[in-house]
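I opened the notebook to look up how this protein is put together.

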Amino acid sequence: MALLTPLLAFLYHLPQVYKWLLKPYYVASLFMSVAFLLIRKTPGICEHLSTQREDGNPCDFDWREVEILMFLSAIVMMKNRRAITVEQHVGNIILFSKVANVILFFRLDVRMGLLYLTLCIVFLMTCKPPLYMGPEYIKYFSDKTIDDELERDNRVTWIVEFFANWSPECQSFAAVYADLSLKYNCAGLKFGKVDIGRYGDVSKKYKVSTSPLSKQLPSLLLFQGGKEVMRRPQVDKKCRAVSWSFTEENIIREFNLNELYQKSKKLNKSKGDWSDKINESQFPPLHEEEEPEVDAQGEETETKKDK
């Protein structure tokens, strides 16, 4: 069952996965993830590699390499149990495949291990995963606009994501957060984002750490009347985030989005009624002109208003 669920999820999202895999970042990542496999199995290259197999076949895995690959599979399965999106599943597979490749290359030849490790570092520093570019109803704040926007209307509830572009968790969560904004955004319930990796003052003011060790990225904060009401994940006394899964179901339940949305719809209606009253006061209804009375001889007589 542990293998069947990820497989079914992968097949369901297969058309979307194809789009990701065709992007240069994922093409290069997949190539690096299977680098050891290609070298070990490619004729003309594998013959020059050392091996610990009893039959001396250098073009097949030895027992230690099989153990490393099996251990990698177990780790990926454990990590993917907490994965939310397909991007996280694919990202975990790529990440731990690269780690396994580093170990396998160093075990095969130190020079090959150093070369592969250097390529991984260069790739990490120069290539960034593609950002989410789909539809969303999200307002992006800067350090100069966030306070004014949160305090502009006390009737508006804000859910703000504090994120950093370099964080893989924030990148994976982007699609989930965008989908929530499409479902629940309205005049009384709005969604915002602020890049605290770029605006350090915002990070300090709202006490959201950007340190990878704190595991506070991403953080969702709920504001009502310009004041923070709650946040997820919560932070303990050591300034470390309490483990919390950023699934759509958890966010809807913890932040009471359905209830907030119903209240916000009432706010929309009251705003609509108020605007109608303003229009009526500015533009009073026009009265129909009274038609003149006509006597039996066909001559017009005075209207009642003239009388």
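These are my entries, in the order I made them.

**Entry 1: overview**

I note first that this is a predicted model. I looked up the elements and found 12 helices and five strands. Then I checked burial. Of the 307 residues, 36% count as buried. Residues 24 or more positions apart account for 61% of them.

**Entry 2: the sheet**

In what order do the five strands of the open sheet lie? I read it as β1-β3-β2-β4-β5, and the pairing is mixed. At the edges I found β1 (138-141) and β5 (227-232), each of which pairs on one side only. From one strand to the next, the twist averages 30 degrees.

Next I looked at two of the pairs. β2 and β3 run in the parallel sense and share seven bridges. There I picked out T157, whose bridge partner in β3 is L189. β4 and β5 are antiparallel, with five bridges. In that pair, L222 stands opposite M230 of β5.

I then looked for a helix against the sheet and found α9. It packs there and touches β1, β2 (157-163), β3 and β4. The direction of α9 makes about 160 degrees with that of β3.

**Entry 3: strand β2**

T157, I159, E161 and F163 point one way. W158, V160 and F162 point the other way. Both groups are buried.

**Entry 4: the cores**

I looked up the largest nonpolar core and found 20 residues in it. Those with the most contacts inside this core are I159, F191, L220, I251, F255 and L257. Which elements give two or more residues to it? I listed α9 (168-184), β3 (189-195), β4 (219-224), α11 (248-254) and α12 (257-282). The largest share, five residues, comes from α9.

I followed F255 further. Leaving out residues up to four places away in sequence, F255 touches L220, L222, M230, R232, W244 and L260. I also found a second, separate core of 19 residues. Among its members are V156, A164, V202 and L221.

**Entry 5: helix α7**

I checked the length of α7 (residues 110-126). This helix has 17 residues and reaches 24 Å from its first C-alpha to its last. That is close to the 24 Å expected at 1.5 Å a residue.

Which residues of α7 are buried? I noted G113, Y116, C120 and F123. Seen down the axis of α7, the buried residues fall within an arc of 95 degrees, so they line one face of the helix.

**Entry 6: helix α3**

I repeated the check on α3 (residues 24-33). Y26, S29, M32 and S33 are buried. Their arc around the axis is only 125 degrees, which puts them on the same side of α3. On the other side of α3, P24 and F31 are exposed.

Terms used:
Residues are numbered from 1 along each chain as its sequence is written. This is a predicted model: local features need pLDDT of at least 70, side-chain atom pairs count only at pLDDT 80 or more; totals for chains, interfaces and linings use all residues. Side-chain values use heavy atoms; hydrogens and water are left out. A nonpolar core is a set of buried Ala, Val, Leu, Ile, Met, Phe, Trp, Tyr and Cys residues joined through side-chain atoms within 4.5 Å. Buried means under 20% relative accessible area, exposed over 50%, partly exposed in between (1.4 Å probe, protein chains only). Helices (H or I, at least four residues) and strands (E, at least two) are DSSP runs, numbered from the N terminus. Contact means heavy atoms within 4.5 Å. Two strands pair if DSSP finds at least two bridges between them. Axes are lines fitted to C-alpha atoms, for helices over the stretch in contact, and angles run from 0 to 180 degrees between N-to-C directions. The expected span of a helix is 1.5 Å times one less than its number of residues. The arc is that of the directions from the helix axis to the C-beta atoms.
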